[in-house]
Amino acid sequence: MTKNSSCIQALYGLCRKTFTTPSGTPFASSQAIQKLCSLLDTITPSDVGLKENNADDDRGHGFFGENLFDRVGRWAQPITFVDIHESDNFTMCIFCLPTSSAIPLHDHPGMTVLSKILYGSMHVKGYDWVEPACVRKIGSSPGKLVMLVVMEFVLLAVRLAKLAVDKVLTAPCGASALYPKSGGNLHCFTAVTPCAVLDILAPPYKETAGRKCTYYHDYPYTSFPTESVDGICEGKEEEYAWLKEIDTPNDLYMRPGRYTGPRIQA
């Protein structure tokens with residue numbers, strides 16, 4: 001067994017040992033998650049079939065190939081999704097993002113997610129819901145909120161969330177983890193440079209089990225004229241935002257890629 005295959009095989013084996021049920025409960029212990037993060041920290045691009053010099057490829061094609069007859073602007077280049085392993089209990093996958101591309105704000109209901117930046121730089125912004133739930137239904141009208149939300153005479157339902165993370169991560173850096181109610185369960189990624197992130201989702205999305213991927217738009221806390229919320233101190237408003245559920249963004253351009261790393265022995 002080569003070094004590359006032993007690394008990804010070891011990661012798979014530890015995931016299988018850690019995530020033992022398709023429901024995600026009971027949740028893995030903090031010690032088990034830390035052990036997984038430590039192992040993730042040892043994973044390099046070559047361990048999953050990526051080449052270090054692909055980080056310099058800013059066309060959005062990288063190592064997955066390019067159609068020379070279909071060159072479009074960088075802003076229209078797709079995010080590449082690579083499936084490494086998928087089971088009822090957990091999923092291992094890679095997202096490869098060209099510069100300035102983004103995965104919009106979305107949630108991970110009842111899920112634990114571990115992420116490792118393999119190369120490049122990525123801005124990560126994440127929120128957690130304020131509990132108990134704080135929901136506002138705000139009527140918009142011409143000349144008021146309509147300028148912000150592009151709606152007229154409707155009730156706009158927004159829910160309060162607290163900022164958990166807002167920073168740029170640059171490889172090499174440590175793995176991160178988010179949980180069902182903490183760590184930035186609702187997050188978005190924006191590529192500062194061409195970058196790739198290895199994700200472990202446990203359990204994976206499954207709509208019939210209540211784990212549907214929902215997208216959101218975030219509005220600053222001061223966007224809506226509502227009464228003050230208990231627990232939010234004056235001067236700390238920037239740490240909170242109102243999130244509105246939206247349809248899957250039309251400009252989310254993602255395509256499948258082929259996994260070229262060592263084969264996992266399940």
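**A loop residue and the rings**

Modeller: T214 sits in the loop between β10 and β11 (215-220), with helices (H or I, at least four residues) and strands (E, at least two) taken as DSSP runs and numbered from the N terminus. Bear in mind that this is a predicted model, where local features need pLDDT of at least 70, side-chain atom pairs count only at pLDDT 80 or more, and totals for chains, interfaces and linings use all residues. Residues are numbered from 1 along each chain as its sequence is written, and side-chain values use heavy atoms, with hydrogens and water left out.

Is T214 buried or exposed? T214 comes out at 11% relative accessibility, so it counts as buried (under 20% relative accessible area; exposed is over 50%, partly exposed in between, with a 1.4 Å probe and protein chains only). Skipping residues up to four places away in sequence, T214 touches L105, H106, D107 and E245, where a contact means heavy atoms within 4.5 Å.

Of the chain's contacts with a separation of 6 or more, 79% are between residues 24 or more positions apart. The chain itself has 266 residues, 45% of them buried, and carries three helices and 13 strands.

Now for the rings. There are five aromatic pairs in the structure (Phe, Tyr and Trp rings, using Trp's six-membered one, with centres within 6.5 Å; planes under 30 degrees apart are stacked, over 60 edge-to-face, the rest tilted). Among them, F19 and F90 make a tilted pair, with 6.4 Å from centre to centre and 45 degrees between the planes. These two come from distant parts of the chain, 71 residues apart: F19 belongs to the loop between α1 (3-18) and α2 (30-40), F90 to the loop between β1 and β2. F19 has a relative accessible area of 9%, so it is buried. F90, at 2% relative accessibility, counts as buried too.

With Y221 and W242, the ring centres lie 5.9 Å apart and the planes are at 10 degrees, so this pair is stacked. Y221 is in the loop between β11 and β12 (240-246) while W242 is in strand β12, 21 residues apart, and this pair also links distant parts of the chain. Y221 and W242 are both buried.

Going back to the phenylalanines, ring pairs join Y12, F19 and F90 into a cluster. At 15% relative accessibility, H85 is classed as buried.

Finally, a couple of charges sit over rings (NZ of Lys or CZ of Arg within 6 Å of the ring centre and within 35 degrees of the ring normal). R159 places its charged end over the ring of W129, 4.3 Å from the centre. K162 lies over the face of Y240, at 5.6 Å from the ring centre.
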